[in-house]
Amino acid sequence: MRIKIIKNLYQMLSALAVITIIDLALLAGYIFSLFKEQPNYGWIALAIIGATLLLYFIIGFYWIFQTVVIDEKGIRVKFFNKTLKEFDIKDIECFAIGSVYRNPIIAIQRKDGARLNIDKRKKALECLKFYKIEQRDYASILFK
């Protein structure tokens with residue numbers, strides 16, 4: 001069984017939603033500034049919109065292209081073709097379901113104590129159970 005998922009999907013969508021709300025408010029301010037007879041400073045709102053979108057894509061670029069591959073070899077976090085983290089199936093002690101900043105996650109722990117958090121997905125849970133990895137309580141992993 002092999003799956004490939006985007007690593008930080010919930011965080012990306014949350015950040016994009018916040019930036020969209022801010023940018024829509026700024027865009028509304030720019031449109032209202034066009035109807036005033038005073039000097040138009042709406043270009044400042046447009047500059048802020050451009051800056052927030054640019055910063056989102058520069059900072060989020062690393063998040064957007066991270067994927068998690070779970071297969072018989074193990075769990076690998078990849079950025080394009082480069083492997084950032086690798087957990088061998090034999091080295092995985094357990095996994096738990098929890099949350100980080102209100103985003104549901106699967107915390108995967110290796111026998112040496114290293115931990116990997118991935119988004120909670122039905123496919124990922126099925127895959128971890130397919131490889132007979134023990135599921136524990138999140139607190140037992142967090143405070144170990």
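**Notes on the predicted model**

1. Let's start with confidence. Across the protein the average is 84, and 99% of the residues score at least 70.

2. Helix H1 (residues 9-33) and helix H2 (residues 42-64) have axes that come within 8 Å and cross at roughly 170°. An angle over 145 degrees counts as roughly antiparallel, so that is how H1 and H2 run relative to each other.

3. What does H1 bring to its contact with H2? Its side includes Met 12, Leu 16, Ile 19, Asp 23, Leu 27 and Tyr 30, while H2 answers with residues including Trp 43, Leu 46, Leu 53, Tyr 56 and Trp 63. Sorted by class, the contact of H1 with H2 has 16 nonpolar, 4 polar and 1 charged residues.

4. Leu 26 is worth a click. This residue sits in helix H1 and touches Ala 45, Ile 48 and Ile 49, leaving aside residues up to four places away in sequence.

5. Now the inside. The largest nonpolar core has 20 residues, and the ones with the most contacts inside it are Ile 70, Ile 75, Ile 106, Ile 108 and Ile 118. At least two residues each come from strands S1 (3-6), S2 (66-70), S3, S5 (92-100), S6 (103-110) and S7 (115-119), and from helix H3 (122-130). H3 gives the largest share of this core, with 4 residues. Another core, of 6 residues, lies apart from it and includes Cys 94, Ala 96, Ala 107 and Tyr 138.

6. Not counting residues up to four places away in sequence, its contacts include Phe 95, Leu 116, Ile 118, Ala 124, Leu 125 and Leu 128.

7. Most residues other than glycine have a negative phi. Phe 80, though not a glycine, has a positive phi of about 60°; this residue is in the loop between S3 and strand S4 (82-88) and, at 47% relative accessibility, counts as partly exposed. Lys 132, also not a glycine, has a positive phi of about 55°. Lys 132 lies in the loop between H3 and strand S8 (134-136) and counts as exposed, at 74% relative accessibility.

Methods:
Residues are numbered from 1 along each chain as its sequence is written. This is a predicted model: local features need pLDDT of at least 70, side-chain atom pairs count only at pLDDT 80 or more; totals for chains, interfaces and linings use all residues. Side-chain values use heavy atoms; hydrogens and water are left out. pLDDT is the predictor's confidence in each residue, from 0 to 100. Axes are lines fitted to C-alpha atoms, for helices over the stretch in contact, and angles run from 0 to 180 degrees between N-to-C directions. Angles under 35 degrees count as roughly parallel, over 145 as roughly antiparallel, 65 to 115 as roughly perpendicular and the rest as oblique. Contact means heavy atoms within 4.5 Å. Ala, Val, Leu, Ile, Met, Phe, Trp, Tyr, Cys and Pro count as nonpolar, Asp, Glu, Lys and Arg as charged, and the others, Gly among them, as polar. A nonpolar core is a set of buried Ala, Val, Leu, Ile, Met, Phe, Trp, Tyr and Cys residues joined through side-chain atoms within 4.5 Å. Buried means under 20% relative accessible area, exposed over 50%, partly exposed in between (1.4 Å probe, protein chains only).
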